[in-house]
Amino acid sequence: MKFCKKYQEYMQGQEKKLPGVGFKKLKKILKNCRREFQSKNDVHGVLHNQTCPQHCPVCDGTFFPSLLKEMSDIVGCFNERAQKLLELHLASGFRKYFIWFKGKLQGSHVALIQEGKDLVNYALINAVAIRKILKKYDKVHFSKQGQAFKSQAQSMHIEILQSPWLCELMAFHINLRETKVKSGMTPASFEGCYLTFNDGKPFLSCELFDSVKLDIDLTCSICLDTVFDPVSLTCGHIFCYMCACSAASVSIVNGLKAAEPKEKCPLCREAGVYEGFVHLDELSILLRRSEYWEQRLQMERAERVRQAKEHWESQCRAFVGV
């Protein structure tokens, strides 16, 4: 079965209507582009294997704007639903029931797990769809504009595989699976997500749909250790919270929200990425099972106490005018 048909069946099979890639519409745009360009070649006696113009008026005016809007809708829908699900899972006591009531959500714990699985599937199959249609674009145009567009989408934060909520959902499923195994219950979550170590480096991995394998590196590029109290910046890069604070030139007491808009990500050098950071709570729960966690916890506590002490001492000196 061709992927286009498989994708359409998947999207039609969803209980709720979700935004997706207009595969047929985009392929039709590319087909019309090829047909028009070849007809022009026939008129002028030019060989068919020549390339379409670098800025193709037939499809660039409709293909990329359409795909851009679809990608934005997909990642927006995914982020919103994943955030609500994880907020509910991490809530406790009265707050949990309040969220259920406020969101008018109904169902059991099993339904919560199933929704998380569906969201991961939704993210990955749409990532495959976007990759395939951009590959088709480059094939038709003998160009690399499709890949350039993908890079542009990443800089606009509408690449779904960059979403911190996908990382959180993967950790969510691993946590549930390990909890069920320890309690002697049959795991209800799917087996596609797992935590691996390659040459001592931790990766959060997920395999699904065709050849797609997602590997998220959990090594902080600042301290070069496994991330501790991890946060994801809006550019998608993951760091330890204290390392991110250090990179943003803010103290632990003030936090990342106090970072200046000019401060840049240590990896991609994009500015303004600290304000919308996401605390990866599910990933923290997963990594707490690692041996390094307790040792790192002691070091982090000592450093946080030191920074807090220095902060309040400076505040006191400023207050008394010393």
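Biologist: Which residue stands opposite Glu207 in β3?

Modeller: Lys213 in β3 stands opposite Glu207. Before we go on, this is a predicted model, in which local features need pLDDT of at least 70, side-chain atom pairs count only at pLDDT 80 or more, and totals for chains, interfaces and linings use all residues. Residues are numbered from 1 along each chain as its sequence is written, and side-chain values use heavy atoms, with hydrogens and water left out.

Biologist: What makes β2 and β3 paired strands?

Modeller: Two strands pair if DSSP finds at least two bridges between them. Five bridges join β2 to β3, which run antiparallel, so the pair meets that definition. β1 pairs with β2 (residues 201-207) in the antiparallel sense too, over six bridges. One example is Leu195, whose bridge partner in β2 is Leu204.

Biologist: Why are β1 and β3 called edge strands?

Modeller: The open sheet has the order β1-β2-β3. β1 (193-198) and β3 (213-217) each have a single partner strand, so one side of each is left without a neighbour in the sheet. From one strand to the next, the twist averages 30° (axes are lines fitted to C-alpha atoms, for helices over the stretch in contact, and angles run from 0 to 180 degrees between N-to-C directions).

Biologist: How do you know that the buried residues of α1 are on the same side?

Modeller: In helix α1 (residues 3-12), the buried residues are Phe3, Cys4, Tyr7, Tyr10 and Met11. They cover an arc of only 125° around the axis, which puts them on the same side of α1. That arc is taken from the directions from the helix axis to the C-beta atoms. An α-helix has 3.6 residues a turn, so residues three or four places apart point the same way.

Biologist: What makes a group of residues a nonpolar core?

Modeller: A nonpolar core is a set of buried Ala, Val, Leu, Ile, Met, Phe, Trp, Tyr and Cys residues joined through side-chain atoms within 4.5 Å. The largest one here has 89 residues, and those with the most contacts inside it are Phe63, Phe78 and Leu256. Helix α5 (residues 109-141) gives the largest share, 16 residues.

Biologist: Why does this core lie between domain 1 and domain 2?

Modeller: Domain 1 (1-191) and domain 2 (218-320) both give residues to the core, so it lies between them. The domain bounds come from an automatic or database domain assignment.

Biologist: How many helices and strands are there in the chain?

Modeller: The chain has ten helices and six strands. These are DSSP runs numbered from the N terminus: helices are H or I with at least four residues, and strands are E with at least two.

Key. Buried < 20%, exposed > 50% of the residue type's maximum accessible area, 1.4 Å probe, protein only.
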